[in-house]
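These are my notebook entries on one structure. I record what I looked up, entry by entry.

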Amino acid sequence: MNKKLLALAVASAVAPLYAHAAGSLNIYGGVGMAVESIDTDVQSALGVNSNHSALGFEGSMGLSNGMDAVFHYDTFVNLDGGGDTLFDGGRDGWAGLRGGFGTVALGFQGRPWKTLSHALDPFEGTIADYSSVMGNAGNGSTYFDGGIGHAIIWFGPDMDGLSWHVQYGAEEVEDGANNMGGQIHYSNDMYFVGASFDANDGGSGGTDEEAMKLVGSINLDGGFTVTGAFESISGAGFVDGADRDAFWLAGSYRAGDTRFSLAFATADELDTVDDSGASQVSLGVFHNLAESTTVYAIFTDISNDDGGSYRFVSAPHTSSFDSDLYTGGTAGEDSSAIALGIKYNFSADIM
């Protein structure tokens, strides 16, 4: 009954938008909460944290020329902070036109580095998310697992499993920074292969950064899935011109409603900083209580070389743990975490 009342209230609020055109409207989102314990070489803490909780709306209206006007926007939801911080910042948001060419839109969207493979990570949306090592250089500034704002976006159409996504973020001011990237992938029921290239133009006085990534995944008989990625980052922000490569491999086995997952990531040293590499190992058990509800237990460990400074990512799409355990400490300090959590996804078509 409460879901029906919510849907009716939202539909009533947006009904004038759809009064003169056939359209659709969907409410979707996810709830993720976990008890997490993080330990480093010198300190530890326990937290109850939000993990990739979000609320979103998307819709379309048919146009007389055969195209659709479409929109999409959502926000992270902070379920553990209380007070006036329930909505924790925009995640994706854009408006545009859809047709045989795909969708062309203006707004904010997860960058091609992210959209290429984020959903392939079996630990996506948890503290063990692969972005602790992949997509960054362990320096707290270079970070590709985010979005591009003020953007022109083109989502290519699905052509028998082949599609792409390109994006350009305007600099907004003269000599300002802009970001851009593109990805292309092919997928079917068994395989996924793809590549992405992203660039951050530092603007006047900034450092230009680039990231290239190759991804492949295969579903095997017997409930096994194996996924791997290789990436190369150049121009890491805190050391001008610093380069490094990284590799990630994950495997999952599904038995009925239970999935067992293991992942390993390793980053070599920056070419300007000795012994600055790191590795991460994650193990997890995920059990579906229902089609849209999962409980899980995770152990993950980051081991830094003597000059490495990789940490767990503190972000709404991983864990909202409020602690300097993420950014504090010194080079060479290791981190580990244990998490017990629940995830619930929902979607409702109300028009």
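I began with strand β10 (residues 191-201), which 10 bridges join to β11 in an antiparallel arrangement. The model is predicted: local features need pLDDT of at least 70, side-chain atom pairs count only at pLDDT 80 or more, and totals for chains, interfaces and linings use all residues. Residues are numbered from 1 along each chain as its sequence is written, and side-chain values use heavy atoms, with hydrogens and water left out.

I noted the terms for this entry. Strands (E, at least two residues) and helices (H or I, at least four) are DSSP runs numbered from the N terminus; two strands pair if DSSP finds at least two bridges between them.

Within this pairing, I found A199 opposite E210 in β11. I then followed β11 to β12; 11 bridges join these two strands, which also run antiparallel. Here A211 stands opposite I233 in β12. The hairpin of β11 and β12 has 3 residues between the strands, and in it G222 takes a positive phi near 90°.

Next entry: the surface. I looked up a nonpolar patch of about 1000 Å², whose members include M190, Y191, L214, F230 and V285. The elements that give two or more residues to this patch are β11 (209-220), β12 (224-236) and β13 (242-255). A patch joins residues with over 30% relative accessible area and no salt bridge; nonpolar side chains (Val, Leu, Ile, Met, Phe, Trp, Tyr) are joined within 5 Å, like charges within 9 Å. A salt bridge is a side-chain nitrogen of Lys or Arg within 4 Å of a carboxyl oxygen of Asp or Glu. Areas come from the Shrake-Rupley method with a 1.4 Å probe, and for residues only the protein chains shown count as cover.

Is V285 buried, partly exposed or exposed? V285 lies in strand β15 (residues 278-290) and is partly exposed, with a relative accessible area of 36%. Buried means under 20%, exposed over 50%, and partly exposed in between.

I turned to T126, in the loop between α2 (112-117) and β7 (147-155). T126 counts as buried because its relative accessibility is 1%. Leaving out residues up to four places away in sequence, T126 touches N51, Y296, I298, H317, T318 and K343; contact means heavy atoms within 4.5 Å. The C-alpha atoms of T126 and A34 are 8.4 Å apart, although 92 residues separate the two along the chain.

Last, I recorded the whole protein chain, which has 2 helices and 17 strands. Of its 351 residues, 44% are buried.

Terms used:
Buried < 20%, exposed > 50% of the residue type's maximum accessible area, 1.4 Å probe, protein only.
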